[in-house]
Amino acid sequence: MIYTTEVPRLEEGVRSAVTLGKFDGLHRGHQKLIHRIQKKRSRNCRTVVFTFDVPPRSYMLKTPPKFLLTYEERRELSEERGIDILAECPFTEELMHMEPEDFVKEYLVERLHAAYLAVGPDFCFGHNRKGNPELLQKLGEQYGFQVEIVEKEKDGARDISSTYVREELEKGNMEKVNELLGYPYFTRGEIVHGRQLGRTIGVPTANLIPHEIKKLPPNGVYITKSFIDGKLFEGITNVGYKPTVRENFLGVETYLFCCNEDLYGQEAEVRFYKFLRPEVKFDSLEELKKQLNHDVEMARMFFEEENRQK
Ligand SMILES: Cc1cc2nc3c(=O)[nH]c(=O)nc-3n(C[C@H](O)[C@H](O)[C@H](O)COP(=O)(O)O)c2cc1C
Ligand SMILES: Nc1ncnc2c1ncn2[C@@H]1O[C@H](COP(=O)(O)OP(=O)(O)OP(=O)(O)O)[C@@H](O)[C@H]1O
């Protein structure tokens, strides 16, 4: 896959099937669009995911926004889905003020040689968001590309959207988040040393520090599976500041069942399946240990049930 922050110029004779939008999360609605462009893929037709990006550092907000996928993660997921080109076009003043017709002519026609576009019915672009799917269709007739307005993928009566996924994530409703995404929500990072108190209470843990732009579920304890070095480990994970021992950074700490390996320095992907309880400040590590035994019991029941249903 070619990844670029500029709009690429395709060679003569090569055309493209393009989808456009923000694509945070690559949820099931996004996947539907990607599937449509993939059907048009051929030796002379590249598939392009065209996203507009405001780099987090350029936000004027005190707290920079968090995303469902980091840039690296979105790149990887796009590549896994067989996309030829991921264009993350910086959302500059110039782009913001571009007339929709100019955007189509300069970017989609002259550079990408678009043959086919797939967008949702609410896709807007250009100055004052004047560009919409109907305008794209009109311009398509003029410039010779086809536009498909793809019906929204729904969850019951509600359209699936990044906003919807974020709302459910903020509630810790991981079952719903995973259903909307079509894959389990995850965070990644390198496994680092904690204070190594966990092993003193019989619970050795893998600590990772998530990427600063990654949106996490609320602080608390979750049933998880961790993907490390090609293997998947069942476990339970605490997201938070460990109030009992008072940590000063937000961590993701996992007790992996059935893992005695030394994992320091390895990359882990922690996948969240179910919220168990909020993070609690205990009076002693002994009390914490009792609670952890109970958490482990709940998680084992969850995994047993999951295995029974397989
Ligand atoms: C599944 C799990 C749940 C936890 N729940 C809590 C909690 O509710 N409150 C808390 O203060 N710390 C919690 N912790 C963090 C422990 O305080 C921490 O694992 C222990 O102090 C060891 O930390 P260390 O690895 O930095 O030595 C939890 C850790 C795990 C793995
Ligand atoms: N549920 C869906 N089904 C089909 N297409 C969708 C769906 N949701 C979004 N799209 C389309 O996918 C493209 C990218 O969408 P985008 O990420 O900008 O929107 P979104 O997921 O609704 O995010 P937000 O909630 O932040 O508005 C757009 O063309 C949009 O119309």
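Guide: We begin with a definition: a residue is buried if 20 or more other C-beta atoms lie within 10 Å of its own, exposed if 12 or fewer, and partly exposed in between, with C-beta atoms placed from the backbone. Of the 310 residues of the protein chain, 32% count as buried. This is a predicted model, in which local features need pLDDT of at least 70 and side-chain atom pairs count only at pLDDT 80 or more, while totals for chains, interfaces and linings use all residues. Residues are numbered from 1 along each chain as its sequence is written, and chains are lettered from A and ligands numbered from 1 in the order in which they are written.

Visitor: How many helices and strands does the protein chain have?
Guide: There are eight helices and 14 strands. These are DSSP runs (helices: H or I, at least four residues; strands: E, at least two), numbered from the N terminus.

Visitor: And which domains does it have?
Guide: The assignment, automatic or from a database, gives domain 1 (12-155) and domain 2 (185-309). Their centres, taken over C-alpha atoms, are separated by 36 Å.

Visitor: How many residues of domain 1 are in contact with domain 2?
Guide: Six residues of domain 1 are in contact with four residues of domain 2, where contact requires C-beta atoms, placed from the backbone, within 7 Å.

Visitor: How many residues are in the largest nonpolar core?
Guide: That core has 58 residues, and Val18 and Leu117 have the most contacts inside it. Strand 5 (residues 114-119) gives the most to this core, with five residues. A nonpolar core is a set of buried Ala, Val, Leu, Ile, Met, Phe, Trp, Tyr and Cys residues joined through C-beta atoms within 7 Å.

Visitor: What does valine 18 touch?
Guide: Leaving out residues up to four places away in sequence, valine 18 touches Ile37, Val48, Phe50, Leu108, Leu112, Ala114 and Leu117.

Visitor: A new topic: which residues are closest to ligand 2?
Guide: The closest are Gly21, Gly29, Gly120, Ser161 and Thr163, among 21 residues that surround ligand 2 (C-beta atom, placed from the backbone, within 6 Å). Helix 1 gives the most to this shell, with four residues.

Visitor: Lastly, is glutamate 141 buried or exposed, and why?
Guide: Glutamate 141 is exposed because it has 10 other C-beta atoms within 10 Å. Glutamate 141 lies in helix 5 (residues 133-143).

Terms used
Contact = placed C-beta atoms within 7 Å.
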